[in-house]
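Let's take a walk through a protein together, one stop at a time. Keep the structure open beside you as you read.

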Amino acid sequence: MRREMTLIALIPGLIWGSAHATSTPWTVSTTSADASFHGTLQCDKTPRPGPFQQCTLSLNQGDNTPLEVQRVFINGGMPAHGHGLPTSPQASADKQPGHYLIKGLKFSMPGDWVLDASFQHQGTLQTLRFEF
């Protein structure tokens, strides 16, 4: 009986500790094959299964000038498993030029993921692929 009471007393502390843990932003960057575009994906936390991710995408031209486009399409998945994302994330322009908020991004399992950011630039479809 004493062991059961000890476990019950510890569980609230464990739940509170994990819910209030501080985290460091997670970042991954990529550059297009011809070095014309550079992208950085920054999320509040390291991507993990479960909760929605809070992420920002920044796009720059090769000369590091912020790239403003009308729309960014987000797609991705796990190539090794042959499936896409479990959600349909949407990107919208942020206040800062070349920055886009990504909403609705969620991962269903641990493993190797890709995230593609596609956009039109001067009439040509461009895609930056983030691998993590």
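Predicted model: local features only at pLDDT ≥ 70, side-chain atom pairs only at ≥ 80, totals over all residues.

## A guided tour

Is Asn-60 buried or exposed? Its relative accessible area is 14%, and anything under 20% counts as buried, so Asn-60 is buried. Who does Asn-60 touch, once we skip its neighbours within four places in sequence? The contacts are Ser-36, Phe-37, His-38, Thr-65, Pro-66 and Leu-67.

Now zoom out to the whole chain. The protein has 1 helix and 9 strands, and along the sequence they follow the pattern α-β-β-β-β-β-β-β-β-β. Of its 132 residues, 31% count as buried. The protein exposes about 8700 Å², and carbon and sulfur atoms supply 53% of that. Here's another way to look at the fold: take the contacts with a separation of 6 or more, and 49% of them are between residues 24 or more positions apart.

Let's go inside. In soluble globular proteins, nonpolar side chains tend to be buried together. Here, the largest nonpolar core has 25 residues, and the ones touching the most other members are Leu-41, Leu-57, Leu-59, Val-72, Ile-74, Ile-102 and Phe-130. For a close-up, pick Val-72. Leaving aside neighbours within four places in sequence, Val-72 is in contact with Leu-57, Leu-59, Ala-91, Tyr-100, Ala-117 and Ser-118.

Next, look for sulfur. How many disulfides does a search of the whole structure find? The count is 1. Cys-43 and Cys-55 form it, with their sulfur atoms 2.1 Å apart. Cys-43 belongs to strand S2 (residues 37-43) and Cys-55 to strand S3 (residues 53-61), so the bond ties together parts that are 12 residues apart in sequence. The torsion about the S-S bond of Cys-43 and Cys-55 is about 100°, which means the disulfide is right-handed. Both Cys-43 and Cys-55 are buried.

Time for some rings. A search of the whole structure turns up 4 aromatic pairs. One of them joins Phe-37 and Phe-119, which sit edge-to-face, 5.4 Å centre to centre with 80° between the planes. This pair links distant parts of the chain, with Phe-37 in strand S2 and Phe-119 in strand S8, 82 residues apart.

Another pair is made by Phe-107 and Phe-132. Why is it called edge-to-face? The ring planes of Phe-107 and Phe-132 are at 85°, and planes over 60 degrees apart count as edge-to-face; the ring centres are 5.8 Å apart. Phe-107 lies in the loop between S7 and S8, while Phe-132 is in the segment after S9, so this pair ties together parts that are 25 residues apart in sequence. Phe-107 is buried, with a relative accessible area of 3%, whereas Phe-132 is partly exposed at 21%. Ring pairs also bring in two tryptophans: Trp-26, Phe-107, Trp-113 and Phe-132 are linked into a cluster. One more ring is worth a look: Lys-106 lies over the face of Phe-52, at 4.7 Å from the ring centre.

We'll finish with some backbone angles. Most residues other than glycine have a negative phi. Asn-64, though, has a positive phi of about 75° even though it is not a glycine. Asn-64 is in the loop between S3 and strand S4 (72-78). With 56% relative accessibility, Asn-64 counts as exposed. Where is Gln-122? Look in the loop between strand S8 (114-121) and strand S9 (124-131). Gln-122 also has a positive phi, near 50°, and is not a glycine either. Gln-122 counts as exposed because its relative accessibility is 73%.

Key:
Residues numbered from 1 in each chain as written. Heavy atoms only, no water. Disulfide = S-S within 2.5 Å. Helix = DSSP H or I, 4+ residues; strand = E, 2+ residues; numbered from the N terminus. Buried < 20%, exposed > 50% of the residue type's maximum accessible area, 1.4 Å probe, protein only. Contact = heavy atoms within 4.5 Å. Areas by Shrake-Rupley, 256 points an atom, 1.4 Å probe, with all protein chains shown as cover. Core = buried A, V, L, I, M, F, W, Y, C linked by side-chain atoms within 4.5 Å. Phe/Tyr/Trp six-rings, centres within 6.5 Å; stacked < 30°, edge-to-face > 60°. Lys NZ or Arg CZ within 6 Å of the ring centre and 35° of its normal.
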